[in-house]
Amino acid sequence: MKSALRGLLRVSDEVANAVRTKKPVVALESTIYTHGGLGHDLAQHHLDLVRRRGGIPAIVAVVDGVPSVGVSAQDMSRITASGSGTVKASRRDLAYLAGMGRHGGTTIAATMLLARLAGIRVFGTGGLGGVHRDGQSSMDVSADLTELGRTRMAVVCSGCKGFLDIPRTLEFLETQGCLVATFADGRDDGAVDFPAFWARDSGTASPAVVHDERQAAAMILAQERLGIESGLLFANPIPREAAIPSDELRVAIEQAVREATEQGFTGSSNTPFVLRRLKQLAGDRIVAANKTLAEANITRATDIAIELYRMLTSSSDCGIDLPKQTVAKVDANADVLVAGAVAVDLSCDPANVVDGAPRPCTSNPARITQSIGGVGYNVALAAHLASRNTRVRFCSMVADDVAGSTVLASLQASGLDTSYIQTLQQESHPDARTSQYVAVNDDKGDLLIAMADMAILSQHSASGQWNSAMETTAPKWVVVDGNWNPRDLRKWLALGRQYRVKAAFEPVSVAKSRALFCPQAGLAQLGVFPHAGVHLATPNRYELEAMNAAARENGYLELGDWFGIIDSFRMRGASDKFVHLTSSELVTAGVPVQSVQLLPYIPTILTKLGSRGVLLTMLLGRNDPLLRDPDANRFILTRTDEHQVSGPDGSESESSSASDDNGVVPAAELQEKDSDEEELERLVLGNKTSFRENLFLRSEGFEDAETYGESMGVEDVQMGELEELADADLFMFDTAGAGTTIAKAPAPKTGREDGAAWEDSDDDRLTVSLASIRQNRKLRVSEADDVVSGTEYSQRLRQQYLRFHPAPEWATRKMGGKRRRRRGSHSSSSSDDGLESDDDGGDYEDDASARPLESFLRDINRLSGGGEGPSKRRTLRPETIGIERVREIPDRHVRAVQSLCFHPEYPVLLSASAASVLFLHHVAPEAEPPNPRLTSVKAEGVDIRNAEFLYPRGDAIFFAGRHRYFHQWDLPSGVVRKTTQILGHQLEFKTMDRFRLSPCGRYMALAASSKKGGGVVNLISTVTMQWVAAARLQSTGGVADFAWWRTGEGLTILGRDGLVGEYCVENRSFVAVWHDDGCIGASVVALGGHGGPDVLGCHRWVAIGSGSGITNIYDRCELIIPDQTPLRLKERPTPKRILESLVTAISFLTFSPDGQLLALGSRKKDSLRLVHLPSCTLYRNWPTQQTPLGRITAVAFNRESDLLAVGNDKGKVRLWKIRR
């Protein structure tokens, strides 16, 4: 059976590599996670526990019918989530599970068997099975005991469960030939009892006593060398502080055992039942004790495995009386951890060739030499040989092939530790090949052609093992070469920041050097000084040029943090200094400039110049002794006011303020304020006291609990007194718009043009460099133009602004006389042609009063949509999307944007926030001013969470906050009505902000607050505001979200447990119910697309987001089981596509009206993705790392599907144009 199992067994690469190199591996059973009821995060906790103590954890389980050793925490979560579908698996069940393809949580018996096959020696668990009470009659004996009699494995546990027959259990183990030894924990040998799980003492003496982990390890090694195949049981008493004396549990144990017998729970079901009942009878103390003893046992098992590792690697005997100095103590720490490539180098030198070169197309005699190379290996070996006091560890990958064996043998011969060289097994990585480099030379030794196969690092990843290596070795430096793919390279740098380890980058080649500055989308931030992710780089001049080009192409030299560091350098006239410090040749090649430009990302750069040496360019810290060394002063390129920013030998950009993250001291010295400046500051801002008093005068209201991740109780937001106020006392209407300007009568002429209102006398004393700052170069008159005065600088800025933004006609007309009335909309003429007011004869001063709401309502019916008409609908390509940012909405909410909605007929955008404000903007990005505000509403005390236009005409707006009422704003009349209760259903609503309006405009769907009996969505008539029907979904946890069918004749309702109901309004019932595949905490649902089944409302697509960041997309045509009457849907359909691009809870899903795009995302910063339909593929070219999204709170598409609006937690609404 063992040989057959070995053929089916799947061992993770990390575990296989650890076993092969004799690392301390600890097996963990999985039944404790699948059937223990101790929490879903217990597996990850145990994995971290073993790693922190220096071991390699190996969870054993059956995953999808495959016996597996080294199961990840994610797979364990999936197995645990399957509930009753996971079998409690002992030795006898392995064949059944493998044949049926089912999950299994392994018991001690099955874990021992599979771990032994994988080569593991030590196993830590909770408690052992044993002989049940009356076992002599029932023969109910745990398979754990027989397994200990035939499988060599050291099991560390807290003895037997307290409800078992402990004396008979020990007798049985003695018969099986299993050693049983209990840790003394400071007690005398004669006073040590075998523990009874929750109790430290059972009343039965232990057969043997062990005092420490080293003795236990010596017993394991002796058992192995003697060839004894039975197991060893090390009993580890529960820690004293968590122990529960047997007397206190006796009553509960007797009751639980009695009930198990009465209810027929025997065999494998007995122990889980008894443990469940004890948990119910004894409370949380049992659960806490279970967790504590399991953690203590795993800790002790790890310590034993480490002691065993030391013995195995010391080549010493295993006798426990061995002198301590002969047992080698392995120091796992390192000074330098090198992560890079190792390869077999083959050098081919021709022999007896004509014309000095080998002949093509035939075999040539040659002298072929083999050596070990690779950039990572060369760095590790050099560091190892440079000083025997430097502890070096090398992390790389090889395949399970001849070349891999050669590499490992050579590393060991050179004295390098191979613990972190991972061997990729052929079974799990059939395409893996050990790196090799072949060079063919001519008879002079010059290279003719070379071939390199280094794909093993770029195509395979093992980030779990890297994390273990970093934690175990605790290095001071990690050196990473460019052979890793960009994603793995960033992972290494992220680990360096996590463990506060300095990172060095070796570029390897021109092509691979670009990996450090690859496109940033989806990767960890690189970081800039003083939080740079890379502390040192060692390129040659060509690699430096390539790195600089990649940084420029991918936007790294456009970021604000980078500008802050570069601007602090004040590099005016640096060319002459560069020539003086280096050479004219290097300056001409751009080497010094390229180095300085990369300094914010890499504070120390060693540029290799071949025979000419190296060029050192670095930023010096404020306390660096070189700053006070007179001999080093000549190498200082530039200084800030207080500290240095050094070029080709050093730089500093740290402020004396600890709060300045960029450490940049302003270049200009701060001047004392004169009396005029102080008076101006007082007039504008007030004095310090009044300024602080008035700063937050209008900031009262509700905190945005959702934005900050807090849960706000319903009672906290109930403002009952507001329900009694009249609407007129709650609302303030702004009908003038943000861009309205009230003109004053011109002042009498004085014979001269009026001067500036205020001039800064300091402008003439300031100087500004136009050449050294990239943004200012466009202000130069010629290439030689550089330093100008502050006054001249201001004039050039004004000229540049007017070049792009000419003054409008009204600003250039002469003042005086009668004025024509302003346009009805505050857009440019290009956007609002023909929108002149009906009354052209009035004075301009007559328009100074606030424009009435009725005027806005007349104008909205004539909006043209920007003057271009609706864009033609074209099919989008799935590969890349054409998208560009346009000018954003000018008005900013003071709180997070909670809702965005486009008008169904006109280019009008509705935005709302919890600051009690509604904005209506005419969407016209090309207008001047862009996207003018049409009107706004201030609803005092209403923390608006949801607002929508009433379809299909958009002649009303519904909005609500976290209150027991909602409002309806009728746009034709301007009247706002409040609905405070739904007759007969008042008690179902503690808040009415979770609503959706139907596309037909007849219904409003409103989620009830109650979760009893599932979740309820009430339907209300938008005409009468009366209750129509209620859709109750029998889901656990209530309703997560719901969406209307396109026809408005039904709803798709999503429960938090992944249950999906299709509700028909006409029938007042669910036509079908189905389950979302693999759902973990459903969060949001959306419908979209055309051509779906008529019976389900004509939408083709349904998308469901979950709390785990996964989004499933289903084709609704494929949900229906064909030829079934009445309608039947598949109970558990297979998604068309599973999107796993995000790792935080999905908070929004929005389909474009044309059904070609799906926007999905979460509240994590910049977490937005676009999906192409019907291919269901993610667009990879947008958003990029530079896309200014923020923490997204709302998303909407316009009616033509060519404009995307995105609201964030800062109150901004940004717009993107989608090109087709």
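Is R1100 buried, partly exposed or exposed? With a relative accessibility of 25%, R1100 counts as partly exposed; buried means under 20% relative accessible area, exposed over 50%, and partly exposed in between, with a 1.4 Å probe and protein chains only.

Colleagues, the model before you is predicted: local features need pLDDT of at least 70, side-chain atom pairs count only at pLDDT 80 or more, and totals for chains, interfaces and linings use all residues. Residues are numbered from 1 along each chain as its sequence is written, and side-chain values use heavy atoms, with hydrogens and water left out.

My topic is salt bridges. The term denotes a side-chain nitrogen of Lys or Arg within 4 Å of a carboxyl oxygen of Asp or Glu. The structure contains 36 of them.

R1100 forms one with D1115, at 3.2 Å from N to O. This pair links distant parts of the chain: D1115 lies in strand β48 (residues 1111-1115), and R1100 in the loop between β46 (1082-1088) and β47 (1101-1106), 15 residues apart. Strands here are DSSP runs of E, at least two residues, numbered from the N terminus. D1115 is buried, at 6% relative accessible area.

A second pair joins R996 and D1041, at 3.1 Å from N to O. Here, too, distant parts of the chain are linked, with R996 in strand β38 (residues 995-997) and D1041 in strand β42 (residues 1039-1044), 45 residues apart. D1041 is buried at 8%, whereas R996 is partly exposed at 28%.

Technical notes
Helix = DSSP H or I, 4+ residues; strand = E, 2+ residues; numbered from the N terminus.
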